[in-house]
Each structure stands twice: as structure tokens, then as C-alpha cells.
Amino acid sequence: MEVGAVAAMRYVKDGIKAARLVMQHTKHTMLVGDRASAFAISMGLPGPSNLSSSESIDKWTRWKENHCQPNFWKNVVPVYCCGPYQPKDNKGICSETNSMGIVESRRSLVGPHNHDTISMAVIDKMGHVAVGTSTNGATFKIPGRVGDGPIAGSSAYADDEVGACGATGDGDIMMRFLPCYQVVESMRQGLEPKLAAKDAIKRIARKFPDFMGAVVAIDRNGVHAGACHGWTFQYSVRSADMDDVKVFTVLP
């Protein structure tokens, strides 16, 4: 079983290619930060590059004008401005508005329109199974944050003997449960993909009923299914005997 990942990598566009280079050319599993960027560039990927777009700059500007709301901080002051932040027991600038902190609904932070995870599983003609995930992370995340994308077993997992899984959603919550590892291991124990996917999502929802997320499971024979919570989820499938991609809709 081979694994490669990069995290918190800036200035290099092709994160999934960098992850594969880690897998193919190192004995490590994950590289992070500026050293991951330097590795990717040294291995031939384009960079350093400015990855900001006019759309992302405009979104960030409007967020700053809205006093950095919403955000992923909790139990800190100040609440209604952009920091610097301190534990709420300390005094902070702008803290007179609300020094107690607020509990933000996670659905205002993570949803279908504020993250961009792509997960893809493939089975080749020899029966080998592979899966990969690429993401830009959660919008307005705290600098330094790493989500579930590069965590083996969380956003992706595969085993030739069993099948594969891909996941998307609230990565900060989902990575605590390694849902894709759970899906593959459940299929190994005999559960069909649909039941394995539902079981993994239910395990998270029992602890975090407000979370949003989805998983897709596929066994080594190509049988696939999805499960989700908090949103209506879609995934697509293409096989050798299909003329075009087919989109499947999964209801929560």
C-alpha cells in the first residue's frame, strides 16, 4: 500500500501531482508547508506561482470589510473584528462588543459553496485500486490549518483487496473519525458499499448532528454507493461499458 500527501503547500498549483511525487520518490508519507513547496518545485512542478485570482481576492476583501466574519475561531476575543485574538479570559481590542464569544453554526462555515474538495477513485483493468483527493481547504480558514484532504483514511482510502472510498465535507470534523478507512474496513468485513457508507456517516452524525459531509464507496468489483448528512450530494461514475459519465444524487 503506497501513500503520498502534501499539506499547507503554497505557491504550487498541482497539489495532487506533488502528493504523487512524495509517494513515488520518497519513503515519507506526507510533506508540509514551504518545504513541501520546495520539494514539488525541485521535482519539476511549476512554481513558485501566485495562486490568487481576482475572485478570491474580492472574496477576501469583502470578508475583511465584514470584520472577518464568519471565521473558525472560538472562545476568543475580540469577537467582531479581525484580531489579533486572545483567549476570552484575556482582554482584547474590540472586545467590548461581546467578550463572551459566540458559537457559530458549522453550516455557516462549511457547505457546498465554500470548499472545493475533489476525490476520485479508479480501478484499472488489472484490478488495482487507487484514490486521490485534492482541495484548496476551507474558505477563511485560520492560517496553518490542515484539513482531512491529505490524511490517509479520512478523505480517501483504498485497498486492492477490498475497494476504495472518497469523502468531502467538514474536514475538521470528519478527520476525527477516519470515515474512509471505516468504509473500506466495513466492506472488508462483508458490508456492501451502500451500508458501509451509511454506517460511516452515521458514526459522525451521532456525535456531531450539525455536520455536513458525504462519502462515496466502491468495492473491487465496481459496485458503488454514497451516503451524506446535512446536504444533498452528487457524485459521478464512468466505466468502460458506459458511453458517458452518469451523475448519481444521494439524499441525506
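R62 and D58 are both part of helix 3, where four residues, or about one turn of the helix, separate them. In this predicted model, these two residues form a salt bridge in which the closest N and O atoms are 3.0 Å apart. R62 counts as partly exposed because its relative accessibility is 47%, and D58, at 40%, counts as partly exposed too.

## Salt bridges elsewhere

The count of salt bridges comes to six. One of them joins the side chains of R188 and D159, with a distance of 2.8 Å from N to O. Since R188 belongs to helix 5 and D159 to strand 7, this pair ties together parts that are 29 residues apart in sequence. R188 is partly exposed, with a relative accessible area of 32%, whereas D159 counts as buried because its relative accessibility is 13%, and buried here means under 20%. R188 and D159 also belong to a network of salt bridges that links them with E161 and E185.

A further salt bridge is found between D199 and R203, whose closest N and O atoms are 2.8 Å apart. These residues are four apart in helix 6, so about one helical turn separates D199 from R203. D199 is partly exposed, having a relative accessible area of 22%, and R203 is partly exposed as well, with a value of 35%.

On the surface, K198 gathers with K194, K202, R206 and K207 in a patch of positive charge. K198 itself counts as partly exposed, because its relative accessibility is 36%.

## Backbone features in the loops

Two cis peptide bonds can be located in the chain. One joins G47 and P48, with an omega of about -5°, and P48 lies in the loop between helix 2 (33-42) and helix 3 (54-65). Another joins G83 and P84, with an omega of about 10°, and P84 is found in the loop that runs between strand 3 (76-77) and strand 4 (86-87).

Positive phi angles form another topic. F140 has a positive phi of about 65° although it is not a glycine, and F140 lies in the loop between strand 6 (129-134) and strand 7 (156-159). F140 is partly exposed, with a relative accessible area of 23%. L178, which is not a glycine either, has a positive phi of about 45°, and its place is in the loop between helix 4 (171-174) and helix 5 (179-188). At 31% relative accessibility, L178 counts as partly exposed.

Definitions and conventions
Residues are numbered from 1 along each chain as its sequence is written. This is a predicted model: local features need pLDDT of at least 70, side-chain atom pairs count only at pLDDT 80 or more; totals for chains, interfaces and linings use all residues. Side-chain values use heavy atoms; hydrogens and water are left out. Patches are made of residues with over 30% relative accessible area and no salt bridge: like charges are joined within 9 Å, nonpolar side chains (Val, Leu, Ile, Met, Phe, Trp, Tyr) within 5 Å. Accessible areas come from the Shrake-Rupley method with a 1.4 Å probe; for residues, only the protein chains shown count as cover. A salt bridge is a side-chain nitrogen of Lys or Arg within 4 Å of a carboxyl oxygen of Asp or Glu. Lys and Arg count as positive and Asp and Glu as negative; His and the chain ends are not counted. The place of a charge is taken as NZ of Lys, CZ of Arg, CG of Asp or CD of Glu. Buried means under 20% relative accessible area, exposed over 50%, partly exposed in between (1.4 Å probe, protein chains only). Helices (H or I, at least four residues) and strands (E, at least two) are DSSP runs, numbered from the N terminus.
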